[in-house]
Amino acid sequence: ITVSNALRECMLQQGFSPEKIKTIYDGIEIDGTLDEQKFLSPIKEKLNVACVGQLSQLKGQEILIEAIAKMSEQERSCFKFDFYGDFLPGERNRIIKKVNRFHLENQIHFKGHSKYISKILPFYDIGIQPSHSEGFSRVTVEYMASGLCVIAEEEGAIPELIQNKEQGLLYHCFDSSELKDLLLYCYNNQKEMLEMANNAQDKAH
C-alpha cells in the first residue's frame with residue numbers, strides 16, 4: 001500500500017508488480033465546519049503566510065527565505081511570514097544566519113512546534129509547502145482544509161493534491177524567484193486567491 005501515486009510510480013520503477021501495489025491516500029482529522037465568511041473577505045493590506053514543517057534543508061524553507069529576500073521592502077511589508085515547526089538538530093544556526101544575512105528579522109517569525117496547528121491555520125491566508133520531497137503532504141491537506149491558498153513546490157505527490165491555478169499555485173523545484181512572483185500574484189489578485197482557497201477547502205472536505 002502506498003499513500004500516493006508518486007510513491008507507487010517509484011515502486012514500479014524498482015520492479016514491483018503493479019497488481020501488488022495499491023494507493024490509499026493518507027487521511028487527516030478535520031473540523032467539520034466551514035467558514036464561508038472567510039471567502040467573502042475584503043481586500044487586505046497585509047496577508048498572513050504560514051509555513052509548517054520541520055525546519056531543514058530537505059523541507060525547503062530556505063527557498064521561501066530567499067523568495068522573501070528578493071522582494072522589495074515595500075513588497076515585503078504586504079506580508080507577515082510565520083514558520084511553525086522544530087529545527088532539525090544542527091540546522092538552527094545555519095537558517096537563522098541566512099535570515100540575518102538578508103536582514104529579514106522583522107519579516108520572518110519562528111513560532112516553534114504547535115500541537116494546535118489545525119486551530120491556528122484558519123487565521124492565515126496562504127500556506128507554503130516548499131519541501132523538495134513529499135510522498136504525501138499532510139500539511140498541504142491541512143492548509144486546504146483550513147481554507148488557505150496553497151503555494152507549493154511541484155514535487156512528489158503535490159500535483160495529485162493541487163491542480164495549478166485551481167486549488168492553489170505550483171512552482172518549479174528550487175525556484176525562489178517564481179515563488180516570490182506567486183506570492184505577489186496572490187496579493188495583487190486576492191479575489192482569485194480566495195477562489196483557489198475555496199476550491200481547495202471543498203476538495204479537502
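The following dialogue examines how terms are applied to a predicted model of one protein chain.

Visitor: What makes up the protein chain in terms of helices and strands?
Guide: The protein chain holds nine helices and six strands. Of its 205 residues, 44% count as buried.

Visitor: What is the order of the strands in the open sheet?
Guide: The order is β3-β2-β1-β4-β5-β6, with parallel pairing. Neighbouring strands of this sheet are turned by 20° against each other on average, direction ignored.

Visitor: Why do β3 and β6 stand at the edges?
Guide: Each has a single partner strand, so one side of β3 and one side of β6 are left without a neighbour in the sheet.

Visitor: How do you know that β1 and β2 pair?
Guide: Pairing requires at least two bridges between two strands. Strand β1 (residues 47-52) and β2 have six bridges, in the parallel sense. Ala-50 stands opposite Asp-82 in β2.

Visitor: What makes β2 and β3 a pair?
Guide: Four bridges link strand β2 (residues 79-84) to strand β3 (residues 108-112) in the parallel sense, against a requirement of at least two. Phe-83 has Phe-110 in β3 as its bridge partner. From β2 the chain passes through α4 to β3, and this β-α-β crossover is right-handed.

Visitor: Why are α2 and α4 called roughly parallel?
Guide: The axes of helix α2 (residues 61-69) and helix α4 (residues 92-101) cross at roughly 10°. Angles under 35 degrees count as roughly parallel, and α2 and α4 are therefore roughly parallel to each other. Their axes come within 10 Å.

Visitor: Which residues of α2 and α4 meet?
Guide: Glu-62, Ile-65 and Glu-66 in α2 meet Arg-94, Ile-95, Lys-98 and Val-99 in α4. By class, this contact has three nonpolar, no polar and four charged residues.

Visitor: What makes α2 mostly covered?
Guide: Seven of the nine residues of α2 are buried. These are Gln-61, Glu-62, Ile-63, Leu-64, Ile-65, Ala-67 and Ile-68.

Visitor: How do you know that both faces of β5 are covered?
Guide: On one side Cys-149, Ile-151 and Glu-153 are buried, and on the other Val-150 and Ala-152 are buried. For strand β5 (residues 149-153), that is five of its five residues.

Visitor: Which strands pair with β5?
Guide: Strand β4 (residues 126-129) pairs with β5 in the parallel sense over four bridges, and Gly-127 stands opposite Val-150 in β5. Four bridges also join β5 to strand β6 (residues 168-171), and these two run parallel. The bridge partner of Ile-151 in β6 is Leu-169.

Visitor: Why is Ala-152 called buried?
Guide: Ala-152, which lies in strand β5, has a relative accessible area of 0%. Buried means under 20%, so Ala-152 is buried.

Visitor: Which residues does Ala-152 touch, not counting those up to four places away in sequence?
Guide: Ala-152 touches Gln-129, Ile-158, Leu-169, Leu-170 and Tyr-171. The C-alpha atoms of Ala-152 and Ser-131 are separated by 7.9 Å, although these residues are 21 apart along the chain.

Visitor: Where does helix α8 lie, and at what angle to β6 does it run?
Guide: Helix α8 (residues 176-188) lies across β1, β2, β4, β5 and β6, at about 160° to β6.

Terms used:
Residues numbered from 1 in each chain as written. Predicted model: local features only at pLDDT ≥ 70, side-chain atom pairs only at ≥ 80, totals over all residues. Heavy atoms only, no water. Axes fitted to C-alpha atoms, helices over the stretch in contact; angles between N-to-C directions. Parallel < 35°, antiparallel > 145°, perpendicular 65-115°, else oblique. Contact = heavy atoms within 4.5 Å. Nonpolar A, V, L, I, M, F, W, Y, C, P; charged D, E, K, R; others polar. Right-handed = clockwise from strand over helix to strand, strands pointing away. Buried < 20%, exposed > 50% of the residue type's maximum accessible area, 1.4 Å probe, protein only.
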